[in-house]
Amino acid sequence: MNSVATPGIGLAVLCLVLVAAATALYWGADLGSITVAPAAALRAVAQLSVVALVLAAALAHLWSSLLVLLVMFVAATLTAAGRARAGVSGGWLTLAVGAGIAAVLPAMLVSGVVPVTGVAVVPVGGIILGGTMTATSLAARRSLDALTQRRGEVEAALSLGLTDRDARLEMIRSTAADALLPGVDQTRTVGLVTLPGAFVGVLVASGSAAQAAAVQILVLLGLLLAQACAVAVTTELVARGRVRRSGR
């Protein structure tokens with residue numbers, strides 16, 4: 001019994017030490033409220049505990065797995081809208097996140113590369129969804145910030161005869177493209193700087209480095225396409241005024 005209990009106790013102690021160290025740094029370096037790290041840790045433990053229980057039951061059936069993925073999609077859209085401070089108009093970002101997922105996940109399933117089972121669909125879909133959410137959030141936030149900061153330039157472009165859409169697009173094109181940099185950099189440096197979760201997970205499960213590398217390449221290339229679609233749609237939504245800063 002001790003051999004089973006010890007790793008669990010060791011993990012709990014290590015987690016407490018890590019959170020305590022982070023809290024001490026928040027206090028000592030004046031990085032913010034000392035409650036940030038403990039609150040985030042407690043939320044992570046609570047969320048993952050619930051998710052683990054739900055997934056244990058949901059992954060047994062495809063329909064319930066798709067329901068879990070739908071809940072994740074809604075959460076991703078709400079998070080993107082919140083990060084962009086877009087208020088009610090952030091609901092339009094559903095199209096951006098949906099475009100990213102629709103461009104990648106169906107192709108993976110139809111091709112047979114990703115088995116049509118809950119155990120495969122939820123993890124792969126979750127990774128693609130997470131990357132798409134991040135790109136959408138960054139694109140929307142930076143685009144809206146650019147429109148606020150360069151309002152005079154937008155008005156100047158309008159005075160020259162550009163349409164509302166084209167005037168806004170001129171201001172946000174470069175800033176929105178920056179939202180793709182994290183995904184591009186991750187792809188460029190994979191294996192050299194980082195070993196992403198998909199690679200480590202397959203490696204631990206199968207012990208095959210070649211299989212782990214193949215899965216990771218598939219995920220990274222899928223993310224490139226999903227994020228590009230999401231940013232393109234987000235940019236268009238902002239340029240057309242569908243997504244705008246809350247209160248404006």
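## Exercises on a predicted model

H5 contributes 7 residues to the lining of the largest pocket, the most of any element. The structure is a predicted model.

**Exercise 1.** State what volume the largest pocket has, and find which residues lie closest to its centre.

*Solution.* Start with the volume, which is about 400 Å³. Next, take the lining, which consists of 17 residues. Those closest to the centre of the pocket are Val-51, Val-68, Val-71, Met-72 and Ala-75. Then assign the lining to elements: helix H2 (36-58), helix H3 (62-84) and helix H5 (118-149) each give two or more residues.

**Exercise 2.** Sort the lining of the largest pocket by residue class.

*Solution.* Count the nonpolar residues, which number 14.

**Exercise 3.** Determine how many disulfides the whole structure holds, and classify Cys-15 and Cys-229 by accessibility.

*Solution.* The search of the whole structure returns 0 disulfides. For the accessibility step, buried means under 20% relative accessible area and exposed means over 50%. Cys-15 has a relative accessible area of 39%, so Cys-15 is partly exposed. Cys-229 stands at 22% and therefore also counts as partly exposed.

**Exercise 4.** Find how many aromatic pairs the structure contains, and identify which residue lies over the face of Trp-92.

*Solution.* A search of the whole structure gives 0 aromatic pairs. For Trp-92, the residue over the ring face is Arg-242, at 5.7 Å from the ring centre. The distance cut-off for a charge over a ring is within 6 Å.

Terms used. Residues are numbered from 1 along each chain as its sequence is written. This is a predicted model: local features need pLDDT of at least 70, side-chain atom pairs count only at pLDDT 80 or more; totals for chains, interfaces and linings use all residues. Side-chain values use heavy atoms; hydrogens and water are left out. On a 1 Å grid over the protein atoms alone, a cavity is a set of points where a 1.4 Å probe fits but cannot get out, and a pocket is an open set with protein on both sides within 12 Å along at least five of seven lines; lining residues have an atom within 4 Å of a point. Grid points are joined across faces, edges and corners, and a volume is the space filled by probe spheres set on the points. Helices (H or I, at least four residues) and strands (E, at least two) are DSSP runs, numbered from the N terminus. Ala, Val, Leu, Ile, Met, Phe, Trp, Tyr, Cys and Pro count as nonpolar, Asp, Glu, Lys and Arg as charged, and the others, Gly among them, as polar. A disulfide is a pair of cysteine sulfur atoms within 2.5 Å. Buried means under 20% relative accessible area, exposed over 50%, partly exposed in between (1.4 Å probe, protein chains only). Rings of Phe, Tyr and Trp (its six-membered ring) pair if their centres lie within 6.5 Å; planes under 30 degrees apart count as stacked, over 60 as edge-to-face and the rest as tilted. A charge sits over a ring if NZ of Lys or CZ of Arg is within 6 Å of the ring centre and within 35 degrees of the ring normal.
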